[in-house]
Amino acid sequence: MKRWIALIVILLCCFLVVMYETSASDNRFFLPEPLGGVKIVVDAGHGGIDGGASAENVIEKDITLAIAKKVEQKLKRMGAEVVMTRTSDGDVLSEHAPSEEFSTLRERKKQDIFLREIIVKENEPDIFITIHANAIPEEKWRGAQVFYHKEGHPNSELLAKAIQSSIREKLQNTDREALAIKQIYLLKKTEVPAVLVETGFLSNPEERSLLADEKYQDKMADAIVNGIENYVNLEIE
């Protein structure tokens with residue numbers, strides 16, 4: 001009898017420890033997954049020989065991949081199914097169609113975009129998000145901004161505004177608003193809510209330093225994921 005009592009006490013103690021650790025580390029543990037059943041394609045812009053924007057040895061393709069991977073991890077913790085267009089330094093072609101060869105860089109970049117479009121269409125996600133970083137000749141410009149296509153999915157504007165609002169609230173370093181554009185092929189062609197997140201300006205020294213910092217990348221990823229969650233909640237309502 002004493003042995004059973006001791007065993008019950010030990011099991012109870014173990015349960016209480018698990019409860020405490022879970023509460024301290026992740027208070028969502030015993031709650032329904034906020035993004036359960038939601039499929040999201042996350043696209044890290046550029047890759048491989050297409051480095052994108054750059055300044056002072058900070059290259060866009062590295063920043064986008066680092067943030068995209070953090071977004072992926074956070075989304076999965078919230079129950080989302082995540083498809084990454086690329087998970088390594090190479091472009092999407094090198095990861096999904098490594099035997100393909102092209103005569104010019106321009107042709108490779110074009111086909112790489114087409115492949116990203118195909119990945120989105122084949123996976124039929126609920127959301128598509130492509131992550132980038134900006135750079136222009138003048139150093140003064142800064143601030144993350146989310147874009148959607150005027151002729152894209154009608155809910156893209158709602159998604160863009162939800163993410164932009166989250167970025168403003170959590171990072172508190174931009175007053176920019178979500179903006180409609182026409183130039184981005186992927187945002188127009190994907191038949192799901194789709195946005196492009198320009199995480200900041202590599203041409204601005206202060207923002208470049210932030211974007212290269214892992215802690216700031218984590219904050220940016222948090223803001224993006226929080227915006228996605230807010231959008232999904234609006235959709236449910």
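Which strands and helices do the buried residues of H4 pack against? The legends below take up this question, using a predicted model.

**View 1. Helix H4 and its surroundings.** The answer to the opening question is a list of five elements: strands E1 (39-44), E4 (81-84) and E5 (127-134), together with helices H3 (92-96) and H6 (185-189). On the H4 side, the buried residues are Arg 108, Asp 112, Leu 115, Arg 116, Glu 117, Ile 119 and Val 120.

**View 2. Helix H4 from end to end.** H4 covers residues 105-123, and its 19 residues should span 27 Å at 1.5 Å a residue. The C-alpha atoms at its ends are 27 Å apart, in agreement with that value. Look just past the helix for Glu 124, which has a positive phi of about 45°.

**View 3. The open sheet.** Six strands line up here in the order E4-E1-E5-E8-E6-E7, with mixed pairing. E4 and E7 (179-181) are at the edges with a single partner strand each, so one side of each has no neighbour in the sheet. On average, neighbouring strands are turned by 30° against each other, direction ignored. H4 packs on this sheet, where it touches E1, E4 and E5, and its direction makes about 170° with that of E1.

**View 4. Strands E6 and E8 side by side.** E6 (residues 145-149) and E8 (residues 194-201) run antiparallel and are joined by 3 bridges. Find Val 146, whose bridge partner in E8 is Val 197.

**View 5. The chain as a whole.** Stepping back, you can find 8 helices and 8 strands. Of the 237 residues, 46% are buried. The accessible surface comes to about 13200 Å², with 52% of it belonging to carbon and sulfur atoms.

Definitions and conventions:
Residues are numbered from 1 along each chain as its sequence is written. This is a predicted model: local features need pLDDT of at least 70, side-chain atom pairs count only at pLDDT 80 or more; totals for chains, interfaces and linings use all residues. Side-chain values use heavy atoms; hydrogens and water are left out. Helices (H or I, at least four residues) and strands (E, at least two) are DSSP runs, numbered from the N terminus. The expected span of a helix is 1.5 Å times one less than its number of residues. Buried means under 20% relative accessible area, exposed over 50%, partly exposed in between (1.4 Å probe, protein chains only). Contact means heavy atoms within 4.5 Å. Accessible areas come from the Shrake-Rupley method with a 1.4 Å probe; for residues, only the protein chains shown count as cover. Two strands pair if DSSP finds at least two bridges between them. Axes are lines fitted to C-alpha atoms, for helices over the stretch in contact, and angles run from 0 to 180 degrees between N-to-C directions.
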